[in-house]
Structures are given as structure tokens and as C-alpha cells.
Amino acid sequence: MSSPQIVWFRRDLRLQDHPALCAAAARGPVIPVYVLDDERAGNRKPGGASRWWLHHSLESLGKSLGRHRSKLILLRGDCVAGLARLAEETGAETVHAIQHYEPWWKDAEEELTGHCDLALYDGNYLMPPGSVTTGSGTPYKIFTPFYRALSRMMPPRDPLEEPALSLPDEWPHSDDLDEWGLLPTKPDWADGFRKQWDVGEIAAQDRLTDFVDRVSAYEDDRNFPSCEGTSRLSPHLHWGEISPAQIWKALEGKRGQGVQAFRSELIWRDFAQNILCQFPYYPEESYRQAYRDFPWRNPNRGHLIAGELEAWQMGRTGYPIIDAGMRQLWATGWMHNRVRMIVASFLTKHLLIDWRHGERWFWDTLVDADYASNGTNWQWVSGTGVDTQLFTRVMAPLLQSEKFSAADYIREWVPELAHLPDADIHDPPPSKWPEDYPERLIEHREGRERALSAYRDMKGETES
Ligand SMILES: Cc1cc2nc3c(=O)[nH]c(=O)nc-3n(C[C@H](O)[C@H](O)[C@H](O)COP(=O)(O)OP(=O)(O)OC[C@H]3O[C@@H](n4cnc5c(N)ncnc54)[C@H](O)[C@@H]3O)c2cc1C
């Protein structure tokens, strides 16, 4: 009998369209393994919301493997040591894995090659990150030319079918998932998560099927948080329960603005990885040098500002659209994209708080928290990143709320305001301001002026 093949699952928790699994299955009995390695990722280990998702996704993957009479081996600790030990114990020939691009995963992949045979495959992006370049081989820093170049390479390869799996003679030891403590207990804050999400590969496919029927309305609806105009596939994509190639394929034959706009968002996801490939620590500090010394109001330096950060986190800013978004995030682990932009602009411009505080909060609270996408989007909104978005673009939360008809969204997430009519709910008049609703942290005009003045100071300093 041929020697066993290890498949190392990470953010690719699916059986279909999994090139590493297919290659392993073609060579011998498969030992599927997931290693929970919190040390290696350091302060980038999955946050609370991500751990909730991870628990359910691993449970689901284990069940799917059970259909093949296979099982998911769970190990905890350093992934390189764990995989090397597993390979030795089982006599496995090769560790097969889908390539990952976060710096801690790249380091682990490199180290592992010193211990055993590691075969890496592409599979989590439309194109392998780093492969979309200009004619002279330079990677792109701006989205539009990247988008055009990648679009010319589409469609992606056809998705692969779930392979038949043969089993090893003996199964190695596995941890018990329940003992990993990934789920919250005291307090159990995940009630809203359970109501909102079905986790795992089958749920991802169901969500895709449902969305394909709605895609023609995507362009018109996607900016309106009160209606379900977007796919909500982001956590499934982040955890690799579905691949972008599968999504592309499901939209084959669909025409029109909706499908175009949706594909362009999928390409943003590839773009974020392309930025990470060029700047592995992009999510850790402002790309533009000038913003590294920007006069941010640092919460570590003052109680008052720490209180403002907390009010933003808890959805108590006195801006209905912002509070709705932050409470949706806290309750469900997800926030509508338009609202993500508004809350991020408010934190960094109106409150002048360093975007990295917002990025960290999202890291802990989003079920789709993604090193590349989160960092790229935070720097994009803040105007500190590689692209052309300017710090001086200060979004007006009250106008945004009205423009994108957020009344029902606010009613859902800010019950103190639920009784107000559409005309008042975006910007309640003082006479109707509920007693139990917090006062505004800062007026829009004042916040905008303070942000622009800080920007002018910075420019004056950097120009001199
Ligand atoms: C401040 C900020 C932080 C963000 N942090 C994350 C994050 O940690 N993880 C994450 O997946 N997305 C992040 N986004 C991007 C975007 O908000 C979410 O991908 C989107 O809201 C997910 O909802 P959906 O699946 O319904 O999206 P859809 O509109 O249905 O889009 C389909 C898919 O395209 C991808 N996508 C869409 N917009 C973007 C974008 N701007 N950048 C990268 N990929 C995109 C996602 O994978 C998404 O599932 C962030 C945006 C902002 C403004």
C-alpha cells in the first residue's frame, strides 16, 4: 500500500475544489489535519468572533470527512513541530497544503520544508497572489489597473470535484474539539451569531445558490444596509469553505451590471492579498510615512479619548448609523460594507483615532476578520495606504444614512430610536432625542474641521 499523505487544512476548510486534498488523494491514504497554533500568529491569533466560526467550521469539516469514513485530526501547538512529528509517526510521505500568504504562515511553510516534503497549491484566490503583474513584471499598487489585468485572465480554472478518500491503516491521536475552548462560555455572547449564521461548506454552497438568484439586483442594492443586497459570503470565503473559482463558476452565463459589480468585489479580495504579498506587514502600520507621525489622538494617552474609543466600539456615539453598525458587528460578527466605511471614516477622521485601533477591534469582532482585507480597507478609508484615497475625504454620517435609506437598519439595531419616523431617525431633532440615547461625541462639522486642521498641520510639517 502507498504511504499516507497528510493534508494540512488552514483557511481552506472544504472538501470541494481543494487542490491539495485532490493531489493527496491521488497518491495514497489521506490524513486530514488542522493545527491550532496560537503562538506562531502571536497577537494575530484568531479573535473571539473568528474562534467561534472556526469551532463550527472544524466541526462541519469533521462531519463531511465522516461521510468518507475519514476524520479530521486536531493538534494544538507549534504547527511545524506538530506536522513534522505527525509525518514521522505515520510514515507520511508528503504534507499537502493550500498556500497561505500571511507572514506567520509563510514562515511556517518555509520552516516545514526543512523537516518534511511540503507540497503547496493555489486555491483560495482567483489568481495566485503575486502573479498579476504589469508587462514588466511589477506588481500593482492601484486597484483599477490590477482589476483590468486580472479580468483579462478570467475565468479561473474549473473547480475540482470532491475526491474519493482512502483511509490510513491507523489513525493518529487527535484532540477533542470541545476541549479547545473556542466557544465563549461566561458570558456566552454568541446568541446573535447562532441566529445569523450557518457555518461550513454546505452552508456556504446554500448561501451561494441563494445569492445567484439575487445577483442581478446587486449593483442597485449593495450599498443599502436595510436590505440584504450583498452575498454575505465573506466569512465562508475567509475560512475557505468556498473558493472564488466556485463562485465564479456559479455565475457563468449571468450577464449585466449586477454580476460585473459583484465580480469586481471578488477582485478586491485578490487585490488585498496582492498588497500583502508586496508589503507583508501592511496591516501593522501606515504605508505612507507621513501618517506614521500623524497627530492621532492616541487612546493610550488619555482617559477621555479611551472613553471615545469605547463608545465607538459599543455603538454609543450618538450617530444612529454608526451605532447601528457597531451593534450589528457586536451582535452578529459582521457589518455591512457601506457601514464599515462610515464607521471607519468616523473613527479616523471625526475622532482622529489611529486606524490601527479600529483594525484591531474588527480583528477581534468580525467573523470574516482577514489580515489582508481588513488592513487594506482600513488604510484605504483612512487615506494612509498605497492608493489614491485621501485623508481629506471625510464621510458625513448623517447624510450617508439618509442617502442609503438606513432607517430600517437603524430600527433593527438601535431600539432606542425604533419609534422615530424615517424623517427623524437619521438625525433625531433635539426635541425627540430619547433620554436613553447617548449624546453625540462630536458634531460633524467640528470633527471634520479638526481632522482637516490636523491634516494641514501634518502637511506643513512634512513640506518644511
Ligand atoms: C474598514 C473595513 C474593514 C474590512 N474588513 C474586512 C475583513 O476583515 N474581511 C473581509 O472579508 N472584508 C473586509 N472588508 C470588506 C467588505 O466590507 C466585506 O468583504 C463585505 O462587507 C462582506 O460582505 P459580503 O460577503 O456580503 O460582500 P459582497 O458585497 O457580497 O462581496 C463579495 C465578496 O467580495 C469580497 N469583498 C467585497 N468587498 C471587498 C473589499 N472592499 N475588500 C476585500 N474584499 C471584498 C468579500 O470576500 C465578499 O464576501 C472591510 C471593509 C472595510 C471598509
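Q: How far apart are the end C-alpha atoms of residues 3-126?
A: They lie 32 Å apart. The span is 44% helix and 21% strand, where helices (H or I, at least four residues) and strands (E, at least two) are DSSP runs numbered from the N terminus.

Q: What does UniProt place at residues 3-126?
A: The unreviewed UniProt entry has "domain: Photolyase/cryptochrome alpha/beta" there. Such annotations may be inferred rather than shown by experiment.

Q: What kind of model, and what numbering?
A: This is a predicted model: local features need pLDDT of at least 70, side-chain atom pairs count only at pLDDT 80 or more, and totals for chains, interfaces and linings use all residues. Residues are numbered from 1 along each chain as its sequence is written, and side-chain values use heavy atoms, without hydrogens and water.

Q: How far is a polar side-chain atom of N337 from a ligand oxygen?
A: The distance is 2.7 Å. For an N or O atom in the R340 side chain, a ligand oxygen is 3.4 Å away. For W334, that distance is 3.5 Å.

Q: Switching to H236. Buried or exposed?
A: Buried, because its relative accessibility is 0%; the cut-off is under 20%, with exposed over 50% and partly exposed in between (1.4 Å probe, protein chains only). H236 sits in helix α10, residues 234-238.

Q: What does H236 contact beyond four places in sequence?
A: Its contacts (heavy atoms within 4.5 Å) include W53, D198, R207 and E241.

Note on methods
Polar contact = N/O pair within 3.5 Å; in protein donor to acceptor, adjacent residues only side chain to side chain.
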